[in-house]
Amino acid sequence: MRTSLNDIALAERYIAGKLSPEDALVFQARLLTEPLLRWNVAALRKVYIVVKGYHRKKIREEAAAVHRARFNDPAHAAFQQQIYQLFQ
Amino acid sequence: MEIMEPDTLVSPVMERTKLFEELYTTAFPGVARFISKMNGTLEDAADIFQDALVIFYEKSQHEAFDISASREAYIMGIAKHLWIRKFAHDRKKVSLDHLEASITIPDDFYPAVNNEKLLSLLARSGQKCLELLQAFYYEKLPMKKLAGKFGFVTERSATVQKYKCLEKVRDTIKEKAFTYEDFTE
């Protein structure tokens, strides 16, 4: 893998706390001396936040699809009626 | 003939859909009753309930999650908290029992506006990478299956692609960093 990808692999393990204590120290020293690496790690942390948000959005859409199916299916007419009555 | 492993037959999406269908039957009427009592609409009930399902599902994925009460009671608790968050002035009107009081909503559940903007930007320009990263980190697909799903020949190329995707999304975030004020560390 090219160096930039290796650095991502390393940063990922650093963020997850999976580097050995020695490797973590070396990485921390690099963070102090390499501003670009520092910026990359900060941005990588944000990537994980964004992926988490994307995951939640997907699950939310799955839940909404179940809702639509439930309220459009004549087989669930009794259920729909029970709910509609609450909001009359 | 190759026999499929059982776990390849049921996808996480199918499992969740089945769970959500069950919970719509068993838990939604109670939540809807609560929302109607609070003078909310059916739309409010659907909104709150779907958020509650996301939070419940997320909590249930944690190994430490041990639910001694029923799923329905737990979801009702989450829904009450979500209602209180949405309509803070109702705080005093909502009574919480012991279980409900112990429930917490994840701090990052309502994303910062900037994260929302980033997400919609990335959903347009980096959808495939978001899909791959989500499948890896959250659906916990092993590299072999990830390779199959996303059309990579080897596990190795899927691994490399994962890092390339992290890089791509990271660089988009960096490009946008100056536009988004909350980019700090």
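**Exercise 1. Determine how many residues of chain A and of chain B are in contact, and how much area the two chains bury.**

Solution. Step 1: in this predicted model, 42 residues of chain A are in contact with 57 residues of chain B. Step 2: the size of an interface is often expressed as the accessible area lost when the parts come together. Step 3: chain A and chain B bury about 4800 Å² between them, and 66% of this area lies on carbon and sulfur atoms.

**Exercise 2. Identify the polar and charged pairs between chain A and chain B, and state which elements of chain A supply the side that touches chain B.**

Solution. Step 1: side chains of opposite charge can pair when their charged atoms come close. Step 2: nine salt bridges are found across the interface of chain A and chain B. Step 3: one of these joins A:Arg60 to B:Asp47, with the closest N and O atoms 3.2 Å apart, which is inside the 4 Å cut-off for a salt bridge. Step 4: between the two chains, 20 residue pairs are in polar contact. Step 5: on the side of chain A that touches chain B, at least two residues each come from helix H1 (3–15), helix H3 (35–72) and helix H4 (77–86) of chain A. Step 6: H3(A) provides the largest share, 29 residues. Step 7: by class, this side of chain A comprises 25 nonpolar, six polar and 11 charged residues.

**Exercise 3. Locate the largest cavity and describe its lining.**

Solution. Step 2: the whole structure has one cavity of 30 Å³ or more. Step 3: the largest cavity holds about 40 Å³ of space. Step 4: its lining consists of A:Asp7, A:Ile8, A:Ala11, A:Leu37, A:Asn40, A:Val41, A:Leu44 and B:Arg170. Step 5: H1 and H3 of chain A are the elements that give two or more residues to this lining, and H3(A) gives the most, with four. Step 6: the lining has five nonpolar, one polar and two charged residues.

**Exercise 4. Which residue forms a salt bridge with A:Asp7, and which helices of chain A does the pair link?**

Solution. Step 1: over all chains, the structure holds 18 salt bridges. Step 2: among them, A:Arg30 pairs with A:Asp7, the closest N and O atoms being 3.0 Å apart. Step 3: A:Arg30 lies in helix H2 (residues 21–33) and A:Asp7 in helix H1 of chain A, so that the pair links parts of the chain 23 residues apart.

Key
Residues are numbered from 1 along each chain as its sequence is written. Chains are lettered from A and ligands numbered from 1 in the order in which they are written. This is a predicted model: local features need pLDDT of at least 70, side-chain atom pairs count only at pLDDT 80 or more; totals for chains, interfaces and linings use all residues. Side-chain values use heavy atoms; hydrogens and water are left out. Contact means heavy atoms within 4.5 Å. Buried area is the accessible area (1.4 Å probe) that two parts lose on being put together, summed over both. A salt bridge is a side-chain nitrogen of Lys or Arg within 4 Å of a carboxyl oxygen of Asp or Glu. A polar contact is a pair of N or O atoms within 3.5 Å; within protein, one must be able to donate a hydrogen and the other to accept it, and residues adjacent in sequence count only if both atoms are side-chain atoms. Ala, Val, Leu, Ile, Met, Phe, Trp, Tyr, Cys and Pro count as nonpolar, Asp, Glu, Lys and Arg as charged, and the others, Gly among them, as polar. On a 1 Å grid over the protein atoms alone, a cavity is a set of points where a 1.4 Å probe fits but cannot get out, and a pocket is an open set with protein on both sides within 12 Å along at least five of seven lines; lining residues have an atom within 4 Å of a point. Grid points are joined across faces, edges and corners, and a volume is the space filled by probe spheres set on the points.
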